Every structure is written in C-alpha cells, then in structure tokens.
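Have the sequence and the 3D view open together while reading.

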Amino acid sequence: GIHLSPQEFHREVEQYLSQASQGQSDTILLDCRNFYESKIGHFQGCLAPDIRKFSYFPSYVDENLELFKDKRVLMYCTGGIRCERGSAYLRSKAVCREVYQLKGGIHKYLEEFPDGFYRGKLFVFDDRYAICSNEDIVSACRYCGTLWDQYKLCSSQHCRQLVLTCPSCCNKGLTACCPVCQEKELKVTSPASGQTLKEECECTRRRPRVPIEHVLQRTLDAGED
C-alpha cells in the first residue's frame, strides 16, 4: 500500500469522517488487527473485522471482496508490520481503487496526535496488555456492561482468552471469559488423546473464523463502533 505519514493519515481520516457524516464517503478506514485489540481502542468510524488471528485476514478479504470494490482503503495496525502484508494482499485482489497504510502504525500516530482520532487504549503484546494515550474508554465489562478496558486472562485453567471484567464483577467471582469457562474448568485430556484445549469455549465457538460483512454501516459515534 501507499505509505502515509501520521500527519497525512490524520488529514485523510479527518476528511473521511467529514464525508461519512454526510453519507458521501467512498473510503473504508480498515483496522487489520485482531478483535480483542480493536475492542479497547480504534480510530473513529473504522471497520474492525471480527477475526481472532491476523492469519485469518486474507480469508476475511476473500469473503468480503464486494465490500472493498472500487473503494479507497485507509489501513492501520499497531506498528505498521501487519499492514505491509495486509495491504499487499488486498492490492493483489485488484478490487480497490487505492490502498493506503499508516506508516509506523498507531504507535507513531499517537506520538504526533495523542488526542487525535484514535480513541481508547492501544493493545500491546506484553503483560501490560494496553497503553493509554487518552482518557476515553470504548469497551465494556463482559458481565455488567459498565465501561471497562483492562484485560485479564480468563480464570479457567485451560483457557487463554482475554476477558474484560470490572473490579465489581471480579469481586463477585465473575473472572472467566464466558459462562462455559465460568461454570466449570475445561476437561483435562492427556497429550496422547490428540485433543486440544485451546480456544474451546463458548466465546470462540460463537465467533466465526471468517466473519462476512454484508452491510457496512459506520457512524461517527465511537460508542457504537
């Protein structure tokens, strides 16, 4: 994709949001990260695919080619690396008018615009799980719905899903990613069985591997994204 500096990307997003508010935009602002990353922080008005792994991104594109037909795509990720592959794959399908990517990713953008169009926290792959650049909270507790954006690992012994559960719900013992994990520990199987325990819970069973976007309806209200 065509690299845009944080300043250039900021201007593009500003124009996109202005057009979108009038229902005139021919642009898609695409978050190519995993769902749990975009859930706690994203650019206003973005399209955030409901994918669990970046390796699913090509399949997502294949299943949604009509969505990208004749569109200008503004793509972003955490540091710009995933956009290199993602934009190349999207361009290879020859359906978009143009494909742009944020050079240096959200990290670089926040250095220039800490209170810009990116709202919420930035997910990071270490024990912190997220870093903050503004005071907005765009996600909610899994159980009570109160605004909350601090991840913890599911309390079920064999589950590695991340869960948003507020202190009040934690104090009530609600510390798992879903009712299946909350009610009982996943069954332990021997290595010889060949079965895997990873991602075997209600959350992932209900989340399609490659979600299909039938209709793209985005608003400027970050709370509805």
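The model is predicted, so local features are described only at pLDDT of at least 70 and side-chain atom pairs only at pLDDT 80 or more, while totals for chains, interfaces and linings use all residues. Residues are numbered from 1 along each chain as its sequence is written, and side-chain values use heavy atoms, with hydrogens and water left out.

Strands of a sheet pair through backbone hydrogen bonds, either parallel or antiparallel. Here an open sheet is formed by three strands in the order β3-β6-β7, with antiparallel pairing. (Strands are DSSP runs of E with at least two residues, helices are runs of H or I with at least four, and both are numbered from the N terminus; two strands pair if DSSP finds at least two bridges between them.) At the edges are β3 (41-43) and β7 (130-132), each of which pairs on one side only. From one strand to the next, the twist averages 40°. (Axes are lines fitted to C-alpha atoms, for helices over the stretch in contact, and angles run from 0 to 180 degrees between N-to-C directions.)

Strand β6 (residues 118-123) runs antiparallel to β3 and is joined to β3 by three bridges. G41 has G120 in β6 as its bridge partner.

Across β3, β6 and β7 lies helix α6 (residues 105-112), which runs at about 130° to β6. (Contact means heavy atoms within 4.5 Å.)

Two loop residues remain. D70, between α4 (65-68) and β4 (72-76), is not a glycine but has a positive phi, near 60°. D70 is partly exposed, at 47% relative accessible area. (Buried means under 20%, exposed over 50% and partly exposed in between, with a 1.4 Å probe and protein chains only.) A94, in the loop between α5 (81-92) and β5 (98-102), also is not a glycine and has a positive phi of about 55°. A94 counts as exposed, with 68% relative accessibility.
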